[in-house]
Every structure is written in structure tokens, then in C-alpha cells.
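Here are my notes on the structure you asked about. Please read them with the model open beside you.

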Amino acid sequence: MRTRSVRPVIAAALAAGALTGALVATPAQAAEYSSALKIAGVQYDAPGRDSNSCTSGNTKAEYVTIKNFARSGRVNLKGYVVKDAVGNSYTFRANHYLEPGDHVKLRGGRGTESDGGNVAYRNNCNFIWNNDKDTIKLIKPGGAAADTHSYTKRANDRDGNGYITFH
């Protein structure tokens, strides 16, 4: 049986620009969705020694930033879900409006879920994001994906500060 070489076909396609998107190195961790709300970044490794004590721990220093990237129109976070790779999740239960360009930091620890100070608390003192690798999912109230990012400390946190920017 005779096999055809695919090299000439790939070379011709590259010359024509047909495969450029398939062969260009793009971040494998990002999936793009048509949502105005996106995961802007994550402080996945809280500064200091990890302690999930509600009184003296540092879970408040671990957070995910969600931003409204729309040019116009505010978005209510009520009903949106933030999940990690193994299914730990948080659902926004209160009205929390993000104007265009506005953001909220969803932090661990105890506190309120309000528009004040652009911060919402998960009311859980356990860490949610793994320090070596994880996946962050932002899910719309109807269950459709709004944004998803996977990270590894080695590949995505070049300066080693425990924070990764996505958008």
C-alpha cells in the first residue's frame, strides 16, 4: 500500500494561511466564550503559609477576579457559579451588579456578598484553588460556560508570586 506524504499539503496550506490558527502557539488554558463576564485573574497561592483558620488564616488572600469586559451594559452576578477542577463551587446568591469595566474579587473567608468594595466572600475558610495547578470555571445562571481557564504554577506564574492574569 502506498502512503502519501502530507508535508506538501501542509506546506501549501501554510503558504495560503489556511492552517495558521491551528499551528500558532496559543494558550492552551484559555477557552473563549461570548460572555461579557470573564475571569481576569486569580491569586491561587495566598501569600504566607497556608492556613484555613477562620480567625487567623489567610484564605481571604486567595481570590479570583471576575470582570465585566462589555463596553456597555451592566451584568448581575446573581446565579453565576465559580468552580474548580474537582467541583468545589460558589454560587452568587445576592444581586451583585458589575458595570462595564468593573470587577469583583471573590475571596475565601468570612464576609458579605455585596457591591461594597468590589469584594464578595465565599463564607468558607477552606482554600479552593490548588497551588500547583487547577481549572477555574465561570458558569452562567442557565448552566452555560461564561469563561474557563486552567493553570499550572510552572507554566503560568513566571514571577512566582501566586497570581496569574488571564485577560
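1. Cysteine 125 counts as buried because its relative accessibility is 7%, under the 20% limit for that class. Keep in mind that the model is predicted. Cysteine 54, in contrast, has a relative accessibility of 44% and counts as partly exposed.

2. What joins cysteine 54 to cysteine 125? The link is a disulfide, with an S to S distance of 2.0 Å. The angle about the S-S bond is 115°, and the link is right-handed. Distant parts of the chain are tied together here: cysteine 54 belongs to the loop between β2 (37-43) and β3 (63-68), while cysteine 125 belongs to the loop between β9 (119-121) and β10 (133-139), and the two are 71 residues apart. The count of disulfides in the model comes to one.

3. The loop between β2 and β3 also holds aspartate 45. Is aspartate 45 buried or exposed? Its relative accessible area is 19%, so aspartate 45 is buried, given that the class covers values under 20%.

4. The side chain of aspartate 45 makes a polar contact of 3.3 Å with the side chain of asparagine 131. Apart from neighbours within four places in sequence, aspartate 45 is in contact with Asp50, Asn131, Lys153, Asn161 and Gly162.

5. Strands β2 and β3 are part of an open sheet of five strands, ordered β9-β8-β3-β2-β12 and with mixed pairing. Which strands stand at the edges? They are β9 and β12 (163-165); each has a single partner strand, so one side of each has no neighbour in the sheet. On average, and with direction ignored, neighbouring strands of this sheet are turned by 25° against each other.

6. Within the sheet, β3 pairs with β8 (residues 103-107) in the antiparallel sense, over five bridges. Isoleucine 66 is placed opposite valine 104, a residue of β8.

7. Some totals for the protein follow. The protein has three helices and 12 strands. It contains 167 residues, of which 35% count as buried. Among contacts with a separation of 6 or more, 57% are between residues 24 or more positions apart. The protein exposes about 9,700 Å², and carbon and sulfur atoms supply 50% of that area.

Technical notes
Residues numbered from 1 in each chain as written. Predicted model: local features only at pLDDT ≥ 70, side-chain atom pairs only at ≥ 80, totals over all residues. Heavy atoms only, no water. Helix = DSSP H or I, 4+ residues; strand = E, 2+ residues; numbered from the N terminus. Buried < 20%, exposed > 50% of the residue type's maximum accessible area, 1.4 Å probe, protein only. Contact = heavy atoms within 4.5 Å. Areas by Shrake-Rupley, 256 points an atom, 1.4 Å probe, with all protein chains shown as cover. Disulfide = S-S within 2.5 Å. Polar contact = N/O pair within 3.5 Å; in protein donor to acceptor, adjacent residues only side chain to side chain. Pairing = 2+ DSSP bridges. Axes fitted to C-alpha atoms, helices over the stretch in contact; angles between N-to-C directions.
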